[in-house]
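Colleague: I would like a close look at a single part of this model. Please take me through it step by step.

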Amino acid sequence: MRNLTVSIVLASCLIGPLAYAQRDSGPDQGSAKAGAKPGSAMAKGAAEAKDSSAKPGAKEASAKEAPAKEMAAKDSGPMSEGDLSIRIAERLAALKARQAERAAQQARSQKPRKVVRRSDAAMAIHQSDHWSYEGENGPANWGKINAAWSKCATGNRQSPIDIRNGMKVELEQIQFDYQPAGFNVIDNGHTIQVTVGGGNYITVMNQQYELVQFHFHRPSEERINGKGFEMVVHMVHRDADGKLAVVAVLIERGKPQPLIQTVWNNLPLEKHTTVTPTIVIDVNELLPQRRDYFTYMGSLTTPPCSEGVLWLVMKEPVQASPAQLALFSRLYPMNARPVQSSSGRVIKESN
Ligand SMILES: [Zn+2]
């Protein structure tokens, strides 16, 4: 039963991404939140996914929920190599099924949002879904662009932060249960984002989260004792209740990174379009060898800046080649939110 619940939750949570992918004007907070209770973890989950996610094959969706259940059930058993392609096909079918459901939910959720907006004409004048990293729509103004993004201005648990004065404790290791999975790549106008097929989990503090997507920032949003890095990859995970845990892996200049190369090889030619390769990726390849980390409670680093996000920042960076870094910088020379006040938050780190 739990697997079915997860499928439904994911389908609900991912209304946002579809809205985003189909609308050049950017995320629509109303539709992202309408499917969930306001202020709930689910609303946050939908919002984060909306931040930049999309799934493949929206219009061809015809699969039912059943394949998703079967796929999920198989995940717990041993896997032979022969099963792999079948499982990938099943996952893709499951993704499409979820997408169809999202589309339906999005359609259902649009009406109430418009009513809400019309009820406050003065506010509506200032409502927009456009945000960027500089200028009028830059980070300093995110909280004013859309009423649903007020946390960007008023929150006191915002991310990113400059990580310093961590409390050194014996932090339990994050358990990474990643395996080869199908994926797609979108340039969402704010970053390059890779949506990953199901079955990739982390367990931390006795809670299991499933990897949904990963995306890149340049330079790194996080700082460690004031030091920034060339880039960072944010691996966004969601638990069964919709709560988010983001694993941040810092990227420094060095040798080529194979998984990043695979993503770059599959970049879409146009913004807001999705490439769905037929190969699989193993997200383990993105992880550093040492698994020490910092952890603190923060927020999405993009509108709507929802809080309640568990951040897990790996201490050891991985490397990417100068050419790999240069390629991303041609698309996004600067897509990092400035560091936010840590406001006395507890930061723990592996001893
Ligand atoms: Zn991010």
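Which strands and which helix do the buried residues of α10 pack against?

Modeller: First, a word on the model. This is a predicted model, so local features need pLDDT of at least 70, and side-chain atom pairs count only at pLDDT 80 or more, while totals for chains, interfaces and linings use all residues. Residues are numbered from 1 along each chain as its sequence is written.

Now the confidence. pLDDT is the predictor's confidence in each residue, from 0 to 100. Its mean for the protein is 78, and 65% of the residues reach 70 or more. Residues 1-78 have pLDDT below 50. Beyond near neighbours in sequence, that stretch still has 191 contacts in the model. A contact means that the C-beta atoms of two residues, placed from the backbone, lie within 7 Å. Residues 111-124 are also below 50, and this stretch has 10 contacts beyond near neighbours in sequence.

Next, the parts list. The protein has 11 helices and 15 strands. These are DSSP runs numbered from the N terminus: helices are H or I with at least four residues, and strands are E with at least two. Of the 351 residues, 47% count as buried. A residue is buried if 20 or more other C-beta atoms lie within 10 Å of its own, exposed if 12 or fewer, and partly exposed in between; the C-beta atoms are placed from the backbone.

Now your helix. α10 covers residues 258-265, and its buried residues are Leu259, Ile260 and Val263. They span an arc of only 100° around the axis, which puts them on the same side of α10. The arc is that of the directions from the helix axis to the C-beta atoms. Why can such residues share a side? An α-helix has 3.6 residues a turn, so residues three or four places apart point the same way. The face of α10 turned away from its buried side carries Pro258 and Asn265, both exposed.

The buried residues of α10 pack against strands β4 (183-187), β5 (192-196) and β14 (318-320), and against helix α11 (322-331).

Follow that last partner. In α11, the buried residues are Gln324, Leu325 and Phe328. Seen down the axis, they fall within an arc of 95°, so they line one face of α11. Pro322, Ala323, Ala326 and Arg330 are exposed on the other side of this helix. The cover over the buried residues of α11 includes α10, along with β5, β7 (207-217), β9 (231-238), β10 and β14.

That brings us to β10. Eight of its 10 residues are buried, so this strand is mostly covered. Who are its partners? Two strands pair if DSSP finds at least two bridges between them.

- β9 runs antiparallel to β10, with eight bridges between them.
- β13 (residues 307-314) runs parallel to β10, and four bridges join them. Here Ala245 has Leu310 in β13 as its bridge partner.
- β14 pairs with β10 in the parallel sense over three bridges. Ile251 has Val318 in β14 as its bridge partner.

Look at the turn as well. The hairpin of β9 and β10 has five residues between the strands, and Gly242 there takes a positive phi near 90°.

β10 also matters for the count of the core. A nonpolar core is a set of buried Ala, Val, Leu, Ile, Met, Phe, Trp, Tyr and Cys residues joined through C-beta atoms within 7 Å. The largest one has 57 residues. Its largest share, eight residues, comes from β10 (residues 244-253). Val246, Ala248, Val249, Ile251 and Leu312 have the most contacts inside this core. In soluble globular proteins, nonpolar side chains tend to be buried together.

Take Leu312. Leaving aside neighbours within four places in sequence, its contacts are Ile174, Val204, Ala245, Val246, Val247, Tyr293 and Thr295. For the protein, residues 24 or more positions apart account for 72% of the contacts with a separation of 6 or more.

To sum up: α10 has its buried residues on the same side, and they pack against β4, β5, β14 and α11. β14 in turn pairs with β10.
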